[in-house]
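Please read these points with the structure open beside you. They are meant to be checked one at a time.

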Number of protein chains: 2
Amino acid sequence: MNAPDAIPPSAASRLPADLLARLGGLLGDRFTLAAAVRAQHGKDESYHAAAPPDAVAFVRSTEEVQAVVKACAEHRVPVIPFGTGTGLEGHVAALHGGVTIDLSPMNRILAVHEGDLDVQVEAGVTRKQLNAHLRDSGLFFPIDPGADASLGGMAATRASGTNAVRYGTMRENVLGLTVVLSDGSVIKTGGRARKSAAGYDLTRVFVGSEGTLGVITEVTLRLYGIPQAMSAAVCAFPTIEDAVNTVIETIQSGIPVARIELLDEVQLDAINRYSKLDYAVQPTLFFEFHGTEAGVMEQVEMVKAITAEHGGSAFRWATQAEDRNKLWQARHNAYYAALALRPGAKGWATDVCVPISRLADCISETKREIRESKMLAPLVGHVGDGNFHLTYVIDPSDSAEMETAQRLNERMVHRALAMGGTCTGEHGVGYGKIDFVEAEHGPAVDAMRRIKRAFDPDNIMNPGKILRM
Amino acid sequence: MNAPDAIPPSAASRLPADLLARLGGLLGDRFTLAAAVRAQHGKDESYHAAAPPDAVAFVRSTEEVQAVVKACAEHRVPVIPFGTGTGLEGHVAALHGGVTIDLSPMNRILAVHEGDLDVQVEAGVTRKQLNAHLRDSGLFFPIDPGADASLGGMAATRASGTNAVRYGTMRENVLGLTVVLSDGSVIKTGGRARKSAAGYDLTRVFVGSEGTLGVITEVTLRLYGIPQAMSAAVCAFPTIEDAVNTVIETIQSGIPVARIELLDEVQLDAINRYSKLDYAVQPTLFFEFHGTEAGVMEQVEMVKAITAEHGGSAFRWATQAEDRNKLWQARHNAYYAALALRPGAKGWATDVCVPISRLADCISETKREIRESKMLAPLVGHVGDGNFHLTYVIDPSDSAEMETAQRLNERMVHRALAMGGTCTGEHGVGYGKIDFVEAEHGPAVDAMRRIKRAFDPDNIMNPGKILRM
């Protein structure tokens, strides 16, 4: 990293000298204008065009975040929070330049309250780091978006993932936050009580706000006891409708499955190749069951009865931790497996979420359009929530392919909205889905703008994301 | 009800003639200035001083609410939403006069989506009305604050109650809202998808906002399948610490109890007398277990083992629906039973909520102070959430008693806050706890004020509640 005096002139010209001096003085070589660092912080794992910030500030404390935001606010310079850069809708792109605050050095686990099943962490702690730390406590944090994301980033994007059907999303699992606002003031939202009726729910205002209302620096999270028994199983189906109808019946029956993941035959093939597995190349459900020994057995029997009605195969089991981890790692590698189907291609990942009764229709129509378009687009889904994902595997330099992907994506989103669903179940808006927010929420978008203006009147907090101001 | 031409001059003088004419023209005899109706709408079930509005508007549609709010906004006349008037912190008191909007005529159940486990209702539908409607569907709505409150009011106050330990509060169970804002615009928040990452969580902004940001006119709620098996049991303990420690271990073990309610010996005695029951006059837990037959048996065995370690009595069972209803009706009548201990007295009901590890300390210290003060104040609690209630049974004309109740209440709240808890787990702020909000949230109260100003710049929406502006 370069100290401010090593700034290349072209970069330096975009930020006021006073700001450079203050942030350099504050952070030393943790404030950098190095092109490689800037480039790395302007892109995520998506197909969206990168936009490097003018500088990157690596911060170690809430007070440092506060100082950076205050300095930027005085100059009306944009501030973009950065966790691990694993987003999928361009959340960290510095569309209007500015200073990216990299929170990864804020990686301390501040307090584990085992008796209260909660934990307080700095925003840069990742979910895997937290679970490694908890390993001997008998507790775990279930929310699992696939990537080893930072917990601050997961709160900021209202992340969820495979376990959400049982344990909820970040919306349900964040008890409180420390947030630096656009004027540099610091607030603590929420608390450690399991419920409260004392005033507006500021925690939920910031969960999912994608850095547009403030910088999250600390997070208090719910924890859960590691279940006595956990078992995972794989079941293949003749058609995707059979698989989806199994999901619908399972959810409607109230069976508390911990995970219920759909992979279409395209994705299954990709996973087999990428992770050297030999699952049948058919629409497939991955299940996980959590509970007491007897409870898990009971859930399994109930789900087996439902799968049998829909032509499901015998269950392939993964009961040992090692086997389960292998299975879920293969599931988590779905995106990379999809990309490996076409070397050199890029992934355009997208997700929607619909009421469960419409899931079969939504998936069938979407897959029909993909087939007709001859696109390569494997489908996976956290289908217990009505949420599914596509990855268009494309050559971004082929404008016809890009246009087709864009057209199919738009049609899928509008299909989901027409079914009472949402344009994104968990990836968030960033700038990739900003045009769909209006279509989904109508006049309520103006209410969102009121909140944005209330917290960020100068529009310096991650501008260009979620809302057009 | 009186039509505008029957307005008593003293009341009429407070509202502009133009407003009276418009609202009278709009609603006919559903707009009234009758003293008895106004008086009834200015008070709730608490000890707080009543404050009647200048007029009451009984509305039948979102459009009518919109018209009333628009008319009031033009004259900067306060608007106070009213459901069933069963609040406990003075939420409906018209502290600055104005027009109360009574939503009870908006009592239509708009759509039950059995397959998606959700329902859309008008704000005036009560929870008992909803559950009666659902009876044949195999579904139910679990949130149960005791009173047969309106679902709009429950959303507005972020209500919870006995089932929250298993099913969450209104925070977790409201999927979406229709809200009339202070300028008369109408927004729909949320949607029917189980999760969404598409923009700010407006639903959670309005849940718990107590009418200070807008008038909730429709609510979409989660539903649950009625469990295959339900069983309730009563267990007495030698000391309140034994009972509370049983609760703490049960929660920490992750046993999914549906209800776990504490009653101290004073409350138990009151209930025995009021509901003609013969429970042992000891600190007591009321349990309810939901699940499959086998699952309920398993939960019962685990909880029995914990109670035995803490000197708990044998379980007294209520397994038939009729017996369970009797048991929970007795629990719900706790407040009236407390009042009946001292004929002519009033109840000062208050609640706090703390992290579960501090629950025994918080309750023990609170009860010690009550004993020392010689006050009559039975204790009940939704203790699985760390939430408990006191009812000071007092003579409001006795200033010494009132001062003692106030002092004890303040000490209890500050004790809960010092333990990482909240000044109210479920009753809300109203105007009764407005001074504690600042103590609990500190600088975050200013962030709440930003939201209030963003949605209600003229402070006409239920002014004087939650926040001092």
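**Notes on the salt bridges and the interface**

1. A:R415 and A:E365 form a salt bridge, with 3.4 Å between the closest N and O atoms. A:R415 belongs to helix 16 (residues 399–418) of chain A and A:E365 to helix 15 (residues 359–373) of chain A, so this pair ties together parts that are 50 residues apart in sequence. Keep in mind that the model is a predicted one.

2. Are the two partners buried or exposed, or something in between? A:R415 has a relative accessibility of 9% and therefore counts as buried. A:E365, at 34% relative accessibility, counts as partly exposed. The cut-off used here is that a buried residue has under 20% relative accessible area, while an exposed one has over 50%.

3. Chain B has a salt bridge between the side chains of B:R415 and B:E365, at 3.4 Å from N to O. B:R415 is in helix 16 (residues 399–418) of chain B and B:E365 is in helix 15 (residues 359–373) of chain B, so parts that are 50 residues apart in sequence are tied together by the pair. B:R415 is buried, its relative accessible area being 9%. B:E365 has a relative accessible area of 33% and is partly exposed.

4. Other salt bridges deserve a look. In chain A, the side chains of A:R204 and A:D201 meet in one, at 3.1 Å from N to O. Both A:R204 and A:D201 are buried. A network of salt bridges links A:R127, A:D144, A:R259, A:E288 and A:R324. Over all chains, the structure holds 66 salt bridges.

5. Next, a residue inside chain A. A:L177 is placed in strand 8 (residues 174–180) of chain A. Its relative accessibility is 3%, so A:L177 counts as buried. Which residues does A:L177 touch, leaving aside those up to four places away in sequence? They are A:A155, A:I187, A:K188, A:T189, A:T203, A:F206, A:V207, A:I216, A:E218 and A:V219. The C-alpha atoms of A:L177 and A:A123 are 9.3 Å apart, although 54 residues separate the two along the chain.

6. Now the interface. The size of an interface is often given as the accessible area lost when the parts come together. Between chain B and chain A the buried area is about 5700 Å², and carbon and sulfur atoms give 57% of that. Of the area that chain B buries against chain A, B:K195, B:Y200 and B:R450 supply 17%, more than any other three residues. In terms of contacts, 73 residues of chain B are in contact with 73 residues of chain A.

7. How many salt bridges are counted between chain B and chain A? The count is six. B:R450 forms a salt bridge with A:D183, and the closest N and O atoms of that pair are 3.0 Å apart. Polar contacts across the interface of chain B and chain A come to 34 residue pairs, with both residues at pLDDT 80 or more.

8. Several elements of chain B each supply at least two residues of the side that touches chain A, including strand 9 (186–190), helix 10 (240–252), helix 12 (293–309) and helix 18 (444–455). Helix 18 of chain B gives the largest share of that side, eight residues. By type, the residues of the side of chain B that touches chain A divide into 30 nonpolar, 25 polar and 18 charged.

Key
Residues numbered from 1 in each chain as written. Chains lettered and ligands numbered in written order. Predicted model: local features only at pLDDT ≥ 70, side-chain atom pairs only at ≥ 80, totals over all residues. Heavy atoms only, no water. Contact = heavy atoms within 4.5 Å. Buried area = accessible area lost by both parts, 1.4 Å probe. Salt bridge = Lys/Arg side-chain N within 4 Å of Asp/Glu carboxyl O. Polar contact = N/O pair within 3.5 Å; in protein donor to acceptor, adjacent residues only side chain to side chain. Helix = DSSP H or I, 4+ residues; strand = E, 2+ residues; numbered from the N terminus. Nonpolar A, V, L, I, M, F, W, Y, C, P; charged D, E, K, R; others polar. Buried < 20%, exposed > 50% of the residue type's maximum accessible area, 1.4 Å probe, protein only.
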